[in-house]
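Biologist: Before I rely on any label in a model, I would like to hear what stands behind it. Could you take me through the terms one by one?

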Amino acid sequence: MTSTAVGDLVAQPYKYGFVTDIETEKIAKGLSEDVVRLISAKKDEPAFLLEFRLRAYRQWLQMQEPDWAALGYPPIDYQDIIYYAAPKQQAKKASLDEVDPKLLETFDKLGIPLSEQKRLSNVAVDAVFDSVSIATTFKEQLAEHGVIFCSISEAVKEYPGLVERYLGTVVSSNDNYFAALNSAVFSDGSFVFIPKGVECPMELSTYFRINSGDTGQFERTLIVAEDGASVSYLEGCTAPMFDTNQLHAAVVELVALDDASIKYSTVQNWYAGDEHGVGGIYNFVTKRGQCRGARSKISWTQVETGSAITWKYPSCVLQGADSVGEFYSVALTNNRQQADTGTKMIHVGPRTRSTIVSKGISAGHSVNSYRGLVQIGPKAVGAKNYSQCDSMLIGDQAGANTYPYIRSQQSDAVVEHEASTCRLSADQLFYLQSRGIGFEEAVSMMVSGFCRDVFNQLPMEFAAEADKLLALKLEGSVG
Amino acid sequence: MIRSDAPVLLEVRDLRASVDDQPILHGVNLTIRAGEIHAVMGRNGSGKSTLSKVLAGHPAYTVTGGSVTYRGQDLLELEPEQRARIGLFLGFQYPVEIPGVSNLEFLRVATNARRQERGETELDTFAFEDLVNTRLAVVQMDPAFLERSVNEGFSGGEKKRNEILQMALLEPVVAILDETDSGLDIDALRIVAGGVNQLASPDNATLLITHYQRLLDLITPDHVHVMAAGRILRSGGPELAHELERIGYDWVDQELALTEVG
Ligand SMILES: Nc1ncnc2c1ncn2[C@@H]1O[C@H](COP(=O)(O)OP(=O)(O)OP(=O)(O)O)[C@@H](O)[C@H]1O
Ligand SMILES: [Mg+2]
């Protein structure tokens, strides 16, 4: 099997490329202080939040778009983007029956049924369509346990104190260019609060759907786990196929107090553009978790398969003594996709530990880079990190890079780094085929084998999903 | 006893093949009947492995002429996986390592692909474990090897045993074993040869590619072929292997020179 045949194989049609025909309320293109005020006014926000947005906007004006990533794309015209779009449905509906059936149908089609009869029995879902959360399931059941799970817009109204206390405390509004932009114009996203001692009784999940072609997406997610609380959260995302690029700049902040644990998983399948690199999402995301409390734990698991450009480094700030940070990642790029992704593990407290497992798969003409920082501060006595970065190349046109940075101010810290690169070889495929295993299944077996360490970390309900998603990406005509 | 009226399982006619536009096989002829054991010998680089890979359908090799008929069916038009499912097996000279793919799962998927073709039921994990345990006994292999990735970190001899384990599970009709004896210690050689003999039946056939008489002492071939420069130069009975052991391959050059002229 030549590399072309393997290339054909990984080029599968995108299943989620449809557009929902629904009336949307949009504001005019462009960004200015007035636009920021308009967004805030539309959402009827309290003064603190408008202040937060305006400060971020002014900071953003002073900042430069970063250019250090191994990514190439034409300049983004920030005045050519719509910063607010929402399906024309008045205020969020109290009951699902009142939600526009077209929206419910859209999520059905995406495999995320929201209605009582069809929804997943053990997963609560917040469904975000363009800039707005349209429904959150199981809210009442969760409330019985004191768990708050709602859109961030609702949280701003219902729990302004909590939002004000935590928003922007992990990712400050001037953290980086895209975080500043997000802080100024963020539209919606999810809010999760798990009170002291509560183990969240079900999986929480947010599903992001971009529908409009000329709209930027700026979600904001905030998850707080108080002392001894724990939660497992999953986000999924898809977008229609447009031949223009859409900007997606999200911010996710996680806060874990003493003995708390947050597991955050992502299955990212934004539209990736076509085989010539036309269209697709520009995904510039800042995700960071702060292990504030002693013995707290934050674990990031991501399966990144979509987007034309991915710029994303889910990180952990390990402040609390004995806190633990984890990062498990599979990034698959194909065609002209470019991904620069990795993590930062910032060891502040004593005996903090972190684990990084990164699996990059590059096919077609794509470029897949791992970029990671392990930083051990002066007080992080006995800190430990283990990093493993493996790359798999499919065909001979794809590229893989690894940029591991280690900064240690502790002589007794243990930092281990292992890296490997392999090529999915014609001989390996032939070996499997010569035992009666079909070509596609053989590729899929090898790829999921390569990713196993990461898939094992996904919540059970989604491990199979991820396997399927990769298989789907690898499906196609055998050349 | 060889019955020359036994059905022909594999018929290779004037087979020519090249790799990267370089011709390697220059017209191979070979007829294998049910119940037969054939041995192919020959110098390094004479084309033995190439022949085996062309028969199994390796995509790097292009067939440029001739035909291969497997039980009356054109073998060359089938995908490699289809060839395997209908009973062709190649034990590789150099089995590749496949990190991350569990040996047990691999063996199960492979076995089920063959079973499906034969109209048998698919084996679930439990049923398969029972089956694999009986087959492990044939090659006296430690079940611990099932838990590892396919061939990963296996020693040379362990890889070869894993090949025979696969053969035992797939129950092929025509098994080609490419230097399965190389790299085996004396005990392992006996075990592997014992396994091959145990699996041999009047309904199937085996093609052994080997350099050594010591294998043929344990598995007596019905036919021995000497390959040279991409074709079968001479065929005979078991005595041909003994003769090679004595005289080596010097005669090959003279004979080749003659055929070249002719
Ligand atoms: N993929 C390939 N690319 C280039 N040359 C090849 C390739 N495969 C085989 N050859 C060449 O074809 C010839 C036959 O090789 P083959 O592996 O079939 O020999 P063999 O008889 O099995 O030898 P050995 O006894 O050493 O295993 C050799 O000269 C070899 O270098
Ligand atoms: Mg050979």
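The conversation below goes through metal site, ligand, strands and helices in turn.

Modeller: This is a predicted model, in which local features need pLDDT of at least 70 and side-chain atom pairs count only at pLDDT 80 or more, while totals for chains, interfaces and linings use all residues. Residues are numbered from 1 along each chain as its sequence is written, chains are lettered from A and ligands numbered from 1 in the order in which they are written, and side-chain values use heavy atoms, with hydrogens and water left out.

Biologist: What makes Ser49(B) and Gln93(B) ligands of the magnesium ion?

Modeller: A donor is an N, O or S atom within 2.8 Å of the metal (3.2 Å for Na, K and Ca), and because water is not among the atoms, a site may look incomplete. The OG of Ser49(B) and the OE1 of Gln93(B) coordinate the magnesium ion, ligand 2, at 2.0 to 2.1 Å, so both count as donors. The pair joins distant parts of the chain, 44 residues apart: Ser49(B) belongs to helix α1 (residues 48-56) of chain B, and Gln93(B) to the loop between β6 (88-91) and β7 (98-102) of that chain. Helices (H or I, at least four residues) and strands (E, at least two) are DSSP runs, numbered from the N terminus.

Biologist: Why is Ser49(B) called buried?

Modeller: Buried means under 20% relative accessible area, exposed over 50%, and partly exposed in between, with a 1.4 Å probe and protein chains only. Ser49(B) has 18% relative accessibility, so it counts as buried. Gln93(B) is buried as well, because its relative accessible area is 16%.

Biologist: Which residues come nearest to ligand 1?

Modeller: A residue is near a molecule if one of its heavy atoms lies within 4 Å of it. There are 14 residues around ligand 1, and Gly45(B), Lys48(B), Ser49(B), Thr50(B) and His211(B) come nearest. Helix α1(B) gives the most to this shell, with 3 residues. The shell divides into 3 nonpolar, 8 polar and 3 charged residues, where Ala, Val, Leu, Ile, Met, Phe, Trp, Tyr, Cys and Pro count as nonpolar, Asp, Glu, Lys and Arg as charged, and the others, Gly among them, as polar.

Biologist: What makes β9(B) a mostly covered strand?

Modeller: In strand β9 (residues 174-178) of chain B, 5 of its 5 residues are buried. Val174(B), Ile176(B) and Asp178(B) are on one side, with Ala175(B) and Leu177(B) on the other. β9(B) pairs in the parallel sense with β6(B) over 4 bridges, and likewise with β10 (residues 205-209) of chain B over 5 bridges.

Biologist: Why is Asn182(A) called buried?

Modeller: Its relative accessible area is 0%, so Asn182(A) is buried. Asn182(A) is found in helix α8 of chain A, where 9 of 9 residues, 177-185, are buried. A polar atom of the side chain of Asn182(A) lies 2.8 Å from the backbone oxygen of Glu219(A). At the N-terminal end of α8(A), Asn176(A) is the cap, with a side-chain oxygen 2.9 Å from the backbone nitrogen of Phe178(A).

Notes: Two strands pair if DSSP finds at least two bridges between them. A polar contact is a pair of N or O atoms within 3.5 Å; within protein, one must be able to donate a hydrogen and the other to accept it, and residues adjacent in sequence count only if both atoms are side-chain atoms.
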